[in-house]
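Try each task yourself before you read its solution.

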Amino acid sequence: FYLKNFQNDQQITIQSADPDNAAIFTKATFINAHNVAFENVRIDYDVNDETIIINEVVNIASSSGIAIRNSVIKGGLATDGAPIDGGIEDKVASGNVVGLPTTIGVRVMNSQNIELSGNDMSEFWKGIVAEHINGFNVIDNEIHDVRTSPIAAGQMDNFTLEGNYIHTVTPWNFGGAGDHAGFLRTWVIGEEVSTNFIIRNNVFDRADGEAPMGIFLQGNGSL
């Protein structure tokens, strides 16, 4: 699914006719798109030997009013890369580690009023990557089986993280100068500031993974 330069005054919804037999996409891209929602769909990335860790399953850029609700967003396990029992000297250009999750689940850049709610999101290098966002609601999702950070974000304003179950982070060569992992990591660059964060009623659970850093927030004194 690829949507570019689309404008609509009211939100339109693309949904499966039968939620029990969801429509399947391998990727979803929204560029300069406005007021579009996905509901009850499955976005299942086709991982292969050409996949690199920064490939996005969902890419939202320069857009507003984009929502994904009650859907499945899934990356996959790398089929080519460094050996899972290797050291940092075995790193490869793709960033992949064979048998560990790859891709970015949802990348959101330079956008406004974005919603992820009620989704099952799994098997990514990073779950959500966001920067320069005003209005981002991440509510009632399950985000799991992530290699590094379920949520990694730069500058944001008006961010709500509520009612999510976030678990099972499996960093490679953890503690041996390999992956750095944290459930929620936000940072800013230079004079940027982030404002108005609401983080409540979430569960961050080690489960079957490692014990990563919990919540790291940097906002230049503004949070």
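**Exercise 1. Find how many helices and strands the protein has.**

Step 1. The protein has zero helices and 21 strands. Both are DSSP runs numbered from the N terminus: helices are H or I with at least four residues, strands are E with at least two.

Step 2. Keep in mind that this is a predicted model, in which local features need pLDDT of at least 70, side-chain atom pairs count only at pLDDT 80 or more, and totals for chains, interfaces and linings use all residues. Residues are numbered from 1 along each chain as its sequence is written, and side-chain values use heavy atoms, with hydrogens and water left out.

**Exercise 2. Work out the order of the strands in the open sheet, and which strands stand at its edges.**

Step 1. Strands of a sheet pair through backbone hydrogen bonds, either parallel or antiparallel. Here two strands count as paired if DSSP finds at least two bridges between them.

Step 2. The open sheet has seven strands in the order 3-5-8-12-14-17-20, and their pairing is parallel.

Step 3. Strand 3 (23–25) and strand 20 (203–205) are at the edges; each has a single partner strand, so one side of each lacks a neighbour in the sheet.

Step 4. From one strand to the next, the twist averages 10 degrees (axes are lines fitted to C-alpha atoms, for helices over the stretch in contact, and angles run from 0 to 180 degrees between N-to-C directions).

Step 5. Val146 has Val169 in strand 17 as its bridge partner.

**Exercise 3. Compare the radius of gyration with that of a compact globule.**

Step 1. The radius of gyration is taken over C-alpha atoms, and the globule rule is 2.2 Å times the number of residues to the power 0.38.

Step 2. For 223 residues, a compact globule would have a radius near 17 Å; the protein has 17 Å, which agrees.

Step 3. Along the principal axes, the C-alpha atoms fill a box of roughly 50 × 45 × 30 Å.

**Exercise 4. Explore the largest nonpolar core.**

Step 1. Buried means under 20% relative accessible area, exposed over 50%, and partly exposed in between (1.4 Å probe, protein chains only). Of the 223 residues, 49% count as buried.

Step 2. A nonpolar core is a set of buried Ala, Val, Leu, Ile, Met, Phe, Trp, Tyr and Cys residues joined through side-chain atoms within 4.5 Å. The largest one holds 41 residues, and Val106 is among those touching the most other members.

Step 3. Contact means heavy atoms within 4.5 Å. Beyond its neighbours within four places in sequence, Val106 is in contact with residues including Val58, Ile73 and Ile128.

**Exercise 5. Decide whether Tyr45, Thr186 and Thr29 are buried or exposed.**

Step 1. Tyr45 lies in the loop between strand 5 (41–44) and strand 6 (56–61). Its relative accessibility is 15%, so Tyr45 counts as buried.

Step 2. Thr186, in strand 18 (residues 182–186), is buried because its relative accessibility is 1%. Leaving aside neighbours within four places in sequence, its contacts include Ala153 and Phe197.

Step 3. Thr29 belongs to strand 4 (residues 28–39) and is buried too, at 7% relative accessibility. Thr29 and Ile60 are 31 residues apart in sequence, yet 6.1 Å apart in space, C-alpha to C-alpha.
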